[in-house]
Amino acid sequence: MKRKADVSIAIENLLKEKAAHSPCTYKISAIAFDSKGDILGHVTNSHSKNWNVLEKEKIGRAGTAEHSERRLIARYGSLIKTIVICRVGRSGNLRPIDPCPVCQRAAAKYGIKIVSLMPGNGHQHEE
Ligand SMILES: [Zn+2]
């Protein structure tokens, strides 16, 4: 566990705001940073159009959504140093989220660290 302070309030708010606009049942957004800490991109998950991937995952994820972290990796690849992911409920509050094994493997391939914003006492969970 690392202190949530690693992710600024501004970034957390951005992630929550964006996630709320996800078209999926599980509202998720992810933001990618390069090695300088600059933002490369920020996306929500989306309904998969081209991929027919069925994934079932333990924490708050199921179905055929294209994962936001995977979209970022597909777009920016090795330019990415860190990805922060966030899921919100209908009320807009943070909900538990973890990267799935497929995204974790993709991230590991590029040496990307995925950080999950987690609800609760100012803690986040790091993969
Ligand atoms: Zn995934």
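Two residues are taken to be in contact if their C-beta atoms, placed from the backbone, lie within 7 Å. Helices (H or I, at least four residues) and strands (E, at least two) are DSSP runs, numbered from the N terminus. The structure is a predicted model, in which local features need pLDDT of at least 70 and side-chain atom pairs count only at pLDDT 80 or more, while totals for chains, interfaces and linings use all residues. Residue numbers start from 1 along each chain as its sequence is written.

The protein chain contains three helices and eleven strands, arranged along the sequence as β-α-β-β-β-β-β-β-α-β-β-α-β-β. Of its 127 residues, 34% are buried; a residue is buried if 20 or more other C-beta atoms lie within 10 Å of its own, exposed if 12 or fewer, and partly exposed in between. Among contacts with a separation of 6 or more, 59% join residues 24 or more positions apart.

Helix α2 spans residues 68-76, and its buried residues are Ser68, Glu69, Arg70, Leu72 and Ile73. The elements covering these buried residues include strands β2 (27-33), β3 (39-44), β7 (65-66), β8 (82-88) and β10 (113-117), together with helix α3 (101-110). After α2 comes Gly77, which has a positive phi near 45°.

Two packed helices are described by the angle between their axes and the distance between the axes. For α2 and α3, the axes come within 10 Å and cross at roughly 30°; axes are lines fitted to C-alpha atoms, for helices over the stretch in contact, and angles run from 0 to 180 degrees between N-to-C directions. The two helices α2 and α3 are therefore roughly parallel to each other, the term for angles under 35 degrees, with over 145 counted as roughly antiparallel, 65 to 115 as roughly perpendicular and the rest as oblique. On the α2 side, Glu69, Arg70 and Ile73 meet Cys103, Ala106, Ala107 and Tyr110 of α3. By class, this contact of α2 with α3 has five nonpolar, no polar and two charged residues; Ala, Val, Leu, Ile, Met, Phe, Trp, Tyr, Cys and Pro count as nonpolar, Asp, Glu, Lys and Arg as charged, and the others, Gly among them, as polar.

The largest nonpolar core has 28 residues, and those with the most contacts inside it are Ala30, Ile83, Val84, Ile85 and Cys86. At least two residues of this core come from each of α1 (9-19), β2, α2, β8, α3 and β10. A nonpolar core is a set of buried Ala, Val, Leu, Ile, Met, Phe, Trp, Tyr and Cys residues joined through C-beta atoms within 7 Å. Beyond its neighbours within four places in sequence, Ile85 is in contact with Ile28, Ala30, Ser68, Glu69, Ile97, Pro99, Ile114, Ser116 and Leu117.

Val88 belongs to strand β8 and counts as buried, with 24 C-beta neighbours inside 10 Å. Not counting residues up to four places away in sequence, Val88 touches Lys16, Ala19, Ala20, Lys27, Asn93, Leu94 and Arg95. The C-alpha atoms of Val88 and Leu117 are 9.9 Å apart, at 29 residues along the chain.

Two loop residues were also examined. Pro96, in the loop between β9 (94-95) and α3, counts as partly exposed with 14 C-beta neighbours inside 10 Å. Its C-alpha atom is separated by 7.7 Å from that of Leu117, 21 residues apart along the chain. Gly120 lies between β10 and β11 (123-126), also in a loop, and counts as exposed with 10 C-beta neighbours inside 10 Å.
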